[in-house]
Protein chains: 2
Amino acid sequence: MQGSSSRLDVMNFLNEMSGNFPNAISFASGRPTEQFFALAHWMAQFPLFARHFAAAHSLSEEAAVNVLSQYGRTNGIIDDLIAAQVGLDEGIACGREQIIVTAGCQEAIELCLRALFESERDVLLVRSPAYIGITGVAELHGIEVAGLSCAVDDTLAFLRAAVERLEGEGKRPRALYLVPDFDNPTGAVLSRAARLELIAFCSEKSITVLEDNPYGMFRYEGEPIAPMFALDQAGCVVYLGTYSKTICPALRVGFAIFPKQLGGSAERTQALMHKISQIKSLLTCNTSQVSQAIVGGLLLSENGSLKRLVEGSVDLYRHNRDTMLACLEETFKKWEGRISWNRPQGGFFLTLSLPFKFLGGEAASCARDYGVLAMPLSFFALDEEQDYCLRLAFSNVTPERIEEGIGRLGRFVEQRMATPAERAAD
Amino acid sequence: MQGSSSRLDVMNFLNEMSGNFPNAISFASGRPTEQFFALAHWMAQFPLFARHFAAAHSLSEEAAVNVLSQYGRTNGIIDDLIAAQVGLDEGIACGREQIIVTAGCQEAIELCLRALFESERDVLLVRSPAYIGITGVAELHGIEVAGLSCAVDDTLAFLRAAVERLEGEGKRPRALYLVPDFDNPTGAVLSRAARLELIAFCSEKSITVLEDNPYGMFRYEGEPIAPMFALDQAGCVVYLGTYSKTICPALRVGFAIFPKQLGGSAERTQALMHKISQIKSLLTCNTSQVSQAIVGGLLLSENGSLKRLVEGSVDLYRHNRDTMLACLEETFKKWEGRISWNRPQGGFFLTLSLPFKFLGGEAASCARDYGVLAMPLSFFALDEEQDYCLRLAFSNVTPERIEEGIGRLGRFVEQRMATPAERAAD
C-alpha cells in the first residue's frame with residue numbers, strides 16, 4: 001500500500017496483520033496503556049455526577065438519574081466540567097457554551113469537516129504525514145486535501161506556499177488540521193513561536209485551525225507549550241479533545257471547543273455550533289449520557305483535573321520511550337548516518353528512518369517473518385516522502401516486549417541491509 | 001413551519017417550545033417512560049458481560065475488563081447477544097456476523113444511507129409523513145426523497161407509481177425506509193400481506209428495504225406480525241434496531257442486521273458491511289464498549305430476551321393509550337365526522353385529524369396559550385397532506401397529565417372551531 005492508495009484500507013491492513021499474527025509484538029497501534037485502567041472504579045463515580053446534575057437542575061437524585069437515562073441535550077451535559085478540566089490541565093480559558101461533547105474525538109473531526117466544508121473549492125490542509133482519522137474522513141467526503149510535507153519548523157513556509165498555489169487555482173484553503181503536541185504519527189512538537197505565526201497567518205487568510213490534542217498531557221521532558229487555542233486572540237482555532245487517552249477509549253467521549261468569536265464574530269461561532277449541533281442530532285442524537293456521567297463523576301472525584309490520574313501513565317510512557325530509545329541506540333548504532341530516529345518529548349510515537357523503503361510489503365514481512373508489527377509512515381503520507389520511515393508506538397507494550405521487539409526489528413533490518421540495493425529499494 | 005421547510009429546523013422548534021414553556025403538558029416527544037428505568041442496576045450487570053467476554057476470548061476477567069476499556073472491534077462485541085435477542089423476541093433468525101452495533105439506531109440510519117447512496121440519481125423512498133431521523137439525514141446528504149403520501153394499505157400501489165415515475169426520470173429508487181410496526185409518527189401497521197408484497201416488489205426492483213423497528217415489542221392488542229426481515233427470502237431487507245426504547249436511550253446502543261445474501265449474493269452483503277464498517281470506523285471508531293457491555297450484561301441477566309423487562313412498560317403504555325383514547329372520545333365526540341383519530345395497536349403515537357390546519361403557529365399557540373405541546377404532522381410530511389393533523393405521543397406522560405392535556409387541547413380546538421374559517425385555515 002502506497003501514499004496514493006485509499007486511507008480507508010489502512011485500518012483494515014492493520015487489523016488484518018494483528019489478526020493474522022497475534023503473537024507479533026506490536027508497535028503499530030497507538031492504544032493507551034491498560035496498566036492504570038480502573039473501569040469498575042470509574043463507573044462507580046456515576047452517582048457523584050448524578051448528584052452534581054441534580055443540584056444544577058434542582059432535581060431529586062432519583063429524578064436526575066431518570067433524566068440521565070433519557071435522550072439528552074445534543075451538545076452534552078458535562079460541558080461545565082470539561083471547561084474546568086481544560087482550564088486546569090491545559091491552560092485553556094473557555095465557557096461551557098463554547099463546548100460540544102462528542103462520541104469520541106473522531107465524531108468531532110467528522111462534524112467539523114462536515115460543517116466547515118461547503119464547496120468543492122474548499123481544501124483541507126494537513127501536515128504530511130497526517131493522522132488517518134483526518135485524511136480518511138476527508139476522503140470519505142471527497143474533500144481535497146493538501147499536504148505540507150516538511151519538517152515541523154517549516155510548517156508556516158510550506159503553508160504559505162500551499163495557500164498561494166491553491167488560491168492561484170481558485171480554491172479556498174478552508175481549514176488546517178494540526179496536532180501541535182506530539183504529533184501522530186511523528187511525535188513532533190510545534191514551537192510556541194510557530195504556533196503564534198500560524199495563528200496570525202491563518203487568521204489573516206480566514207483558515208480555521210483544527211487543533212487536535214490527544215497527547216498534550218503526556219509530556220516526559222521539557223517545558224509545556226500553551227495550546228494554540230489558548231494563544232489564539234483572533235478566534236481562528238477550534239480545539240479538539242478526547243478522554244480516550246487520559247481516561248480510556250471505551251467511554252467514547254471527546255469534545256470540540258469553539259472560539260468565543262470565530263473570525264472576530266460571535267454570530268459566526270453561533271452559526272457554526274448550531275450547524276454542528278444539527279448534524280450531530282442526526283448522526284448520534286447525543287453522546288451517551290452514561291459515558292458522559294462516568295467521565296463527569298470521575299472529573300468531580302478528581303477535583304476537576306486529570307493530572308493526578310495520568311501521573312502513572314506519564315511515568316510509564318516515559319520509561320517506555322527511554323527503553324525504546326536505548327534499544328534503538330543499541331540495535332542501530334552500527335548504521336549511524338544511515339538509520340536515524342527522533343526523540344519525542346511526549347506522546348505515544350517515534351519515527352524511525354531507514355535506508356530502504358518500508359511499505360506495506362515490508363510491514364507484512366516484518367510481522368510474518370520477524371514477529372514485529374510497525375506502521376509504515378507512507379500509510380499516513382500524502383506523497384512518497386515518507387516511504388523510508390516507520391512509526392513505532394511505545395504506549396501499550398511492556399519494556400521487555402520493547403527490547404525483544406526492537407531486537408526483532410533489528411534482525412529484519414540486518415537482513416534487508418544485506419540484500420542487494422535494487423531489491424531492497426524495490 | 002411547513003412540509004417544504006427544512007427537517008433540520010424541526011428539532012430546534014421542538015426544543016425551543018419545551019424550553020419556553022416548561023410547564024406545558026407535552027405530547028410532543030416520543031421518549032420512553034422513566035417508570036421502569038433502573039440504570040444503577042443495569043450498570044451493575046457489567047461484570048456479567050465481562051465474564052461472558054472473558055470466557056469467549058479465553059481471557060482472565062481482569063484482562064477482559066482491560067480489553068473492554070480499550071478501543072474495540074468496529075462492528076461491535078455484543079453481536080452474539082443481539083442475534084439471540086432478536087431471535088427470541090422478534091423471530092428473526094440471523095448470525096452474529098450479519099450484525100453491526102451502532103451508536104444508537106440513528107448512526108445505523110446514517111451509515112446505511114451513506115453506504116447505499118452513491119449517485120445523484122439515487123432516490124430514497126419513504127412513507128409520508130416520515131420519521132425526521134430519516135428525512136433529516138437524507139436532506140443533510142442531499143439525497144432526493146420521494147414520499148408515499150397514502151394510507152398504509154396503499155403503500156405498494158403508491159410505491160409502484162413512484163418507482164415508475166422515478167425510473168421515467170432516469171432516477172434509481174435505491175432504498176425504501178419503513179417502520180412496519182407502529183409507525184412514527186402515525187402509529188400505523190403494515191399487514192403481513194403488505195409486507196410480503198412490498199418485499200417481492202422491492203426485490204424485483206433491487207430496492208433495499210430499511211426496516212426500522214423501535215416499537216415492535218410494544219404491542220398492546222392483536223397478533224404480532226413477523227418483521228419484514230424475518231419474512232424476506234430475497235435478501236432485500238436491512239433491519240434497524242435499538243435498545244433506546246426497550247432499555248433506555250442514554251446507552252446509545254442500536255444495530256443494523258444485514259441479510260445473509262443481499263440481493264441473493266453473499267459477496268454483496270460483505271461489500272456493503274465492509275463499506276459501512278469503514279465509514280463507522282471514521283465516524284465513531286466503535287460503539288462505546290461500556291454501553292455495549294451494560295446492554296450485554298443485562299441481556300445475559302435476562303436469559304437473552306427483553307420480554308420480561310418491557311412487560312411493565314407495555315402495560316403502562318397500553319393504559320396511557322386507552323386513557324388518551326377515552327379522553328379524545330369524551331373531548332371531541334361532539335365534532336364527530338369533523339375530528340377523528342386512530343387507535344394504534346401499539347407504539348408510542350396516535351394521530352389526530354382536525355378540520356383546520358395545525359402547523360407551527362398553531363403548535364406554538366397551543367403551548368403558549370393552552371399549556372399543551374403537540375407535534376404538527378406537517379413537520380414529518382413531504383407534502384401538504386398532513387397539514388390538518390397532529391401527532392400525540394402517550395409514552396412519557398402520566399394518565400392524569402393525559403386527561404388534563406387532552407382537556408387543554410380540547411379548549412384550544414373549541415376556540416379555533418369558533419373562529420371564522422378563513423382565519424382558522426390561515
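Start by selecting Arg252(A), which sits in the loop between β7 (237-242) and β8 (254-257) of chain A. Bear in mind that this is a predicted model. Arg252(A) is not a glycine, yet its phi is positive, about 55°. Is Arg252(A) buried or exposed? Its relative accessible area is 5%, so Arg252(A) counts as buried, the cut-off being under 20%.

Now move to Cys285(A), in the loop between α11 (266-283) and α12 of chain A. Here too phi is positive, near 60°, in a residue other than glycine. Cys285(A) has 16% relative accessibility and counts as buried.

For another backbone feature, select Asn184(A) and Pro185(A): the peptide bond between them is cis, with omega near 15°. Pro185(A) belongs to the loop between β5 (172-178) and α9 (192-204) of chain A. In chain B, the bond from Asn184(B) to Pro185(B) is also cis, with omega near 15°.

Next, colour helix α3 of chain A, residues 46-56. Which residues of this helix are buried? They are Phe46(A), Phe49(A), Ala50(A), Phe53(A) and Ala54(A). Look down the axis of α3(A): the buried residues fall within an arc of 140°, so they line one face of the helix. In general, an α-helix has 3.6 residues a turn, so residues three or four places apart point the same way. Turn to the face directed away from the buried side and you will find the exposed residues Ala55(A) and Ala56(A). Show the neighbours as well: the buried residues of α3(A) pack against α2 (39-43), α4 (61-69), α5 (79-90) and α12 (289-301) of chain A, and against α2 (39-43) of chain B. After the helix comes Ser58(A), with a positive phi near 50°.

Zoom out and colour chain A by domain. The domain assignment gives domain 1 as 8-30 + 308-414 and domain 2 as 41-305. Their centres, taken over C-alpha atoms, are 27 Å apart. Between them the two domains of chain A bury about 2700 Å², with 61% of it on carbon and sulfur atoms. Select Leu309(A), Gln345(A) and Leu382(A), which supply 24% of the area that domain 1 buries against domain 2, more than any other three residues. There are 3 salt bridges across this domain interface.

Arg321 is worth a stop in both chains. In chain A, Arg321(A) forms a salt bridge with Glu221(A), the closest N and O atoms being 2.9 Å apart. In chain B, Arg321(B) lies in helix α13 (residues 307-332) and is buried, with a relative accessible area of 1%. Among the residues that Arg321(B) touches are Tyr220(B), Glu221(B) and Phe394(B).

Finally, show both chains together. A rotation of 180° with 0.0 Å of shift along its axis superposes chain A on chain B, with an RMSD of 0.0 Å. That is the relation of a two-fold axis. The same surface serves both copies, as 100% of the contact residues of chain A recur in chain B. How many residues does each chain bring to the contact? Chain A gives 51 residues and chain B gives 51 residues. The area buried between the chains is about 4300 Å², and Gln70(A), Tyr71(A) and Leu282(A) supply 18% of what chain A buries against chain B, more than any other three residues. The chains share 2 salt bridges.

Key: Residues are numbered from 1 along each chain as its sequence is written. Chains are lettered from A and ligands numbered from 1 in the order in which they are written. This is a predicted model: local features need pLDDT of at least 70, side-chain atom pairs count only at pLDDT 80 or more; totals for chains, interfaces and linings use all residues. Side-chain values use heavy atoms; hydrogens and water are left out. Buried means under 20% relative accessible area, exposed over 50%, partly exposed in between (1.4 Å probe, protein chains only). Helices (H or I, at least four residues) and strands (E, at least two) are DSSP runs, numbered from the N terminus. The arc is that of the directions from the helix axis to the C-beta atoms. Contact means heavy atoms within 4.5 Å. Copies are superposed by least squares on the C-alpha atoms of residues with pLDDT of at least 70 in both. Domain bounds come from an automatic or database domain assignment. Buried area is the accessible area (1.4 Å probe) that two parts lose on being put together, summed over both. A salt bridge is a side-chain nitrogen of Lys or Arg within 4 Å of a carboxyl oxygen of Asp or Glu.
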